[in-house]
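Good morning, and thank you for joining.

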Amino acid sequence: FKTEEIEKKLKELDAILIIKAHPMNIININKLKCSRIHNLSDEEVPDIFPLLRETNILITDYSSVFLDFLLLNRPIIFAPFDIKEFNKKKDAFYYNYDEVTPGPKAKDWIEVFDVIEKELKEDHYSKERKKICKIFHKFQDNKSSERVFEFIKGLGEKQG
């Protein structure tokens, strides 16, 4: 992660990079003077989901957050830089990583930004994202809360 190079690329793209790492991962970006890179802590943003609505492109490694982001059908860039080491972990993945990750796989940060530029010009993975989204999201009608309410209400009626 070469901060100066990334900051320069972000300026060229007129973009910002928001980093919201898993609580187990510690990234010390905050100590650097970066105007376009923001490392958000759990204290600052305890819930990532409202932030996803404002995100144009998601960059992730192995986080399941991409499954929720699929509902927005916006570009996802996968950054499995250490996939060989990660695969050595017992039960590293529930699914075949390549089969369920609908987007380009970058091998380093330079490639991430190359892919961003390509995806900003033309979204190459929209159909693939929709296909994977259907696998993981049975309902996409914004009525999930209503279904849960009706289910719980039905449980109460059975007991009453």
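**Salt bridges and a helix**

Glu-117 counts as partly exposed, because its relative accessibility is 28%, where buried means under 20% relative accessible area, exposed over 50%, and partly exposed in between, with a 1.4 Å probe and protein chains only. Residues are numbered from 1 along each chain as its sequence is written, and side-chain values use heavy atoms, with hydrogens and water left out.

On confidence, the chain averages a pLDDT of 84, and 89% of the residues score at least 70; pLDDT is the predictor's confidence in each residue, from 0 to 100. Among the elements, the lowest mean, 74, belongs to helix α4 (residues 83-87), and the highest, 95, to strand β4 (residues 76-78). Helices (H or I, at least four residues) and strands (E, at least two) are DSSP runs, numbered from the N terminus. Where pLDDT is low, the predicted coordinates should not be read in detail.

How many salt bridges does a search of the whole structure find? The search finds eight, a salt bridge being a side-chain nitrogen of Lys or Arg within 4 Å of a carboxyl oxygen of Asp or Glu. In one of them, Glu-117 meets Lys-9 at 3.1 Å, N to O. This pair links distant parts of the chain, with Glu-117 in helix α6 (residues 109-121) and Lys-9 in helix α1 (residues 3-13), 108 residues apart. Glu-12 joins Lys-9 and Glu-117 in a network of salt bridges.

A further salt bridge is formed by Asp-42 and Lys-20, whose closest N and O atoms are 2.3 Å apart. Here Asp-42 lies in the loop between β2 (37-39) and α2 (49-53), and Lys-20 in the loop between β1 (17-19) and β2, 22 residues apart. Asp-42 is partly exposed at 30% relative accessible area, and Lys-20 is partly exposed at 22%.

Finally, I turn to helix α8. Its 16 residues (144-159) should span 22 Å at 1.5 Å a residue, and its end C-alpha atoms are 23 Å apart, which agrees; the expected span is 1.5 Å times one less than the number of residues. The count of buried residues among its 16 residues is zero. Ile-152 lies in this helix and is exposed, because its relative accessible area is 52%.

How values were computed. This is a predicted model: local features need pLDDT of at least 70, side-chain atom pairs count only at pLDDT 80 or more; totals for chains, interfaces and linings use all residues.
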